[in-house]
Amino acid sequence: KQEQTIEVDGLTSDNAKRTDDFTVQFEMARHPELLPFLAMNPSLYDDLYAWLGALGNTDIDAALSHNPGYAEYRKAHQKRIFSIESVANKLSEYFMS
């Protein structure tokens, strides 16, 4: 069964899945009907991954869960959090001793 292509303002669900143009991605994010397809795109910019993940939409969450780009984003984001916590702990130890 072939998936139907959705088009909004000249932007398509097929393009949403694969464009690496951040300006086009940003424009697509203005259209709710394209968001689940955008969430399939492995080349989104970090803030768009963060925003999509925060929406709490089951279709978007399902698409993100199968997106290798989102997995890489999450992995890198976790490392940054741990790195900041580690530095904060070391500074705290230093100043408290």
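The model is predicted, so local features need pLDDT of at least 70 and side-chain atom pairs count only at pLDDT 80 or more, while totals for chains, interfaces and linings use all residues. Residues are numbered from 1 along each chain as its sequence is written, and side-chain values use heavy atoms, with hydrogens and water left out.

**Helix H4**
- H4 spans residues 46–54, and Leu48, Tyr49 and Leu52 are buried in it; helices here are DSSP runs (H or I, at least four residues), numbered from the N terminus.
- Those buried residues sit within an arc of 100° seen down the axis, so they line one face of H4; the arc is taken from the directions from the helix axis to the C-beta atoms.
- Over on the other side of H4, Asp47 and Ala54 are exposed.
- Buried means under 20% relative accessible area, exposed over 50% (1.4 Å probe, protein chains only).
- Just after H4 comes Gly56, with a positive phi of about 75°.

**Gln25**
- Gln25 is part of helix H2 (residues 22–28).
- Gln25 counts as buried because its relative accessibility is 0%.
- Its contacts (heavy atoms within 4.5 Å), leaving aside neighbours within four places in sequence, include Leu38, Asn41, Tyr45 and Leu48.
- The Gln25 side chain reaches the backbone nitrogen of Tyr45 at 3.5 Å.

**Aromatic pairs**
- There are four aromatic pairs, counting rings of Phe, Tyr and Trp (its six-membered ring) whose centres lie within 6.5 Å.
- Tyr49, Tyr70 and Tyr73 are linked into a cluster by ring pairs.

How values were computed. Helices (H or I, at least four residues) and strands (E, at least two) are DSSP runs, numbered from the N terminus. A polar contact is a pair of N or O atoms within 3.5 Å; within protein, one must be able to donate a hydrogen and the other to accept it, and residues adjacent in sequence count only if both atoms are side-chain atoms. Rings of Phe, Tyr and Trp (its six-membered ring) pair if their centres lie within 6.5 Å; planes under 30 degrees apart count as stacked, over 60 as edge-to-face and the rest as tilted.
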